[in-house]
Amino acid sequence: MMKEFVTIEDVLQAQRNLQGLVTCTPLDYSTTFSKLAGCDVFLKLEIMQKTGSFKVRGSANCIANLSEEARARGVITASAGNHAQGVAMGATRLGVKSTVVMPENAPLTKVEATRGYGAEVVLYGANYDEAYAHACNIQAAEKQTFIHAFDDRDVIAGQGTIALEILKQNPHIKAIAAPIGGGGLLAGIAVAVKQLAPHVQVYGVQSSGAPSMFLSVNEGRIVETANVNTIADGIAVRRPGDLTFDLINKYVDDVVVVKDEDITETMLMMLERCKLVVEGAGATALAAVLHGLLPHNDSIASVISGGNIGVNLISKIIENGLIRSGRRVRLVTDLVDRPGELLKLVTHISELRANIIYVFHEHAGRNLPIGHTKIEMDLETRDNEHAKNIIFNLRKAGYRVELI
């Protein structure tokens, strides 16, 4: 019988290779999310991993398995995200020179973080594909080892060590859910789980804006999407890996997709209720759990895969989340342009227990009648019901109020 390409022995060896190189991250029980999901929900917090994501597990294991000759030549990869930092740290900790090719428009914070972990960063191209092609050219010329982000036996085995930790931390867990980009994380987890605890269900979750693995599993062949568009940039992959597809097809119980709105809502809930800063990909699996997309289990571990997110994006997610939940409302109305009318409106709003955080007062406009003034206001409210009550009472008081 031919040996499987990735086995439990590979994952166990990866765990030995990674001792002292990576952190055994917490498996945290969440009372809040358990109540919302109707089952025991545990969070595998890879946001507390070195570099802020699980990626260092796979890259460090891959580098650890290189021959001395290969280590001497160094390693190279192309990435603008977590994989770049994982390769950089893994290589540095093992005393291996690393080169990371990143697109010229890569966020400065990620470029500096990758350099800070010890890699030589080469900025090239307008996008990942151009950076990847350039990395391949460098690799061919200098004979470095290319560290693939997901479609590599040693990388998959390294990611599978997450499952070993979960099964040890909670031997009674009934299911594990993990996000999918190229599939390395889910494939590694599935290999370990199905060979050690086959009764445990394994689920993969993709964003509906980047569903290549979901489509591939459902069609029984690898499907490449024309483009991707998702808040979860860490899993925005157009084509899954060949090896990862085979392993997921064999071992994973189901693959589902979740909407970006549900991902951002989950990110905001984790920030507000758990004080955890999580990137889009990191919240994807939990979003599926909370929105009932997975079969009900007594207990489920959701892999929170990474927390590397820019503060500007966090700000946008908070703002959108407040609007969707009815805690931030923008309304527009018009008043007779005479002293005291604005004070009357403000008094009504005060009595309705809303907080005014922004006012725009316009005395002339194309669609504004002479003698009237246009008022725009941003209000802090409790929830959607409170916001609706404010609009209802203002209209009852004679104001022509519209939501923007």
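Reader: Which helices supply at least two residues each to the lining of the largest pocket?

Author: In this predicted model, the helices α5, α7 and α9 (184-196) each supply at least two residues of that lining. The largest share, 3 residues, comes from α7.

Reader: What makes a residue part of that lining, and which residues lie nearest the centre of the largest pocket?

Author: A lining residue has an atom within 4 Å of a point of the pocket, and 45 residues line the largest pocket. Of these, Tyr128, Phe150, Asp233, Ala236 and Val237 lie nearest its centre. The volume of the largest pocket is about 1400 Å³, and its lining divides into 20 nonpolar, 15 polar and 10 charged residues.

Reader: How many residues line the second largest pocket, and which elements give two or more of them?

Author: The second largest pocket, with a volume of about 350 Å³, is lined by 17 residues, and those nearest its centre are Thr109, Lys110, Asn308, Ile309 and Gly310. Two or more residues of this lining come from each of α6 (108-116) and α14, and the largest share, 4 residues, is that of α6. By class, the lining of the second largest pocket has 8 nonpolar, 6 polar and 3 charged residues.

Reader: Why is a space called a cavity rather than a pocket?

Author: The word cavity is used because a 1.4 Å probe fits at its points but cannot get out, whereas a pocket is an open set of points. By this rule the count comes to 1 cavity of 30 Å³ or more, and the largest cavity holds about 80 Å³ of space. Its lining is made up of Met267, Leu268, Leu271, Leu276, Val277, Val278, Ile309, Ile314, Ile317 and Ile318. The elements giving two or more residues to this lining are α12 (260-274) and α14 (311-324).

Reader: What makes the lining of the largest cavity nonpolar, polar or charged?

Author: Met, Leu, Val and Ile all count as nonpolar, and the lining of the largest cavity has 10 nonpolar residues, with no polar and no charged ones.

Reader: How do you know whether glycine 86 is buried or exposed?

Author: A residue is called buried when its relative accessible area is under 20%; the value for glycine 86 is 0%, and therefore glycine 86 counts as buried. Glycine 86 is found in helix α5 (residues 82-93), and, leaving aside residues up to four places away in sequence, it touches Thr51, Lys55, Val56 and Ser59. Between glycine 86 and alanine 60, which are 26 residues apart in sequence, the C-alpha to C-alpha distance is 7.3 Å.

Reader: Why is lysine 143 called exposed?

Author: Exposed means over 50% relative accessible area, and lysine 143 has 52%, so it is exposed. Lysine 143 lies in the loop between α7 and β6, and its phi is near 60°, a positive value in a residue other than glycine.

Reader: What makes arginine 353 buried or exposed?

Author: With a relative accessible area of 66%, arginine 353 is over the 50% cut-off and is therefore exposed. Arginine 353 has its place in the loop between α15 (341-351) and β12 (355-362), and it has a positive phi of about 65° although it is not a glycine.

Reader: How do you know that β3 and β4 pair, and in which sense?

Author: Two strands pair if at least two bridges are found between them; β3 (residues 75-78) and β4 (residues 98-102) have 4 bridges, in the parallel sense. In β4, threonine 99 is the bridge partner of isoleucine 76, and valine 100 stands opposite threonine 77.

Reader: What is the order of the strands in the open sheet, and why are some called edge strands?

Author: The open sheet has 4 strands in the order β5-β4-β3-β6, with parallel pairing. The edge strands are β5 (120-123) and β6 (145-146), each of which pairs on one side only. Helix α7 (residues 128-142) lies across β3, β4, β5 and β6, and runs at about 160° to β3.

Reader: What makes both faces of β3 count as covered?

Author: In a regular strand the side chains alternate between the two faces of the sheet. In β3, Val75 and Thr77 on one side and Ile76 and Ala78 on the other are all buried, and both faces are covered.

Key
Residues are numbered from 1 along each chain as its sequence is written. This is a predicted model: local features need pLDDT of at least 70, side-chain atom pairs count only at pLDDT 80 or more; totals for chains, interfaces and linings use all residues. Side-chain values use heavy atoms; hydrogens and water are left out. Contact means heavy atoms within 4.5 Å. Axes are lines fitted to C-alpha atoms, for helices over the stretch in contact, and angles run from 0 to 180 degrees between N-to-C directions. Buried means under 20% relative accessible area, exposed over 50%, partly exposed in between (1.4 Å probe, protein chains only). On a 1 Å grid over the protein atoms alone, a cavity is a set of points where a 1.4 Å probe fits but cannot get out, and a pocket is an open set with protein on both sides within 12 Å along at least five of seven lines; lining residues have an atom within 4 Å of a point. Grid points are joined across faces, edges and corners, and a volume is the space filled by probe spheres set on the points.
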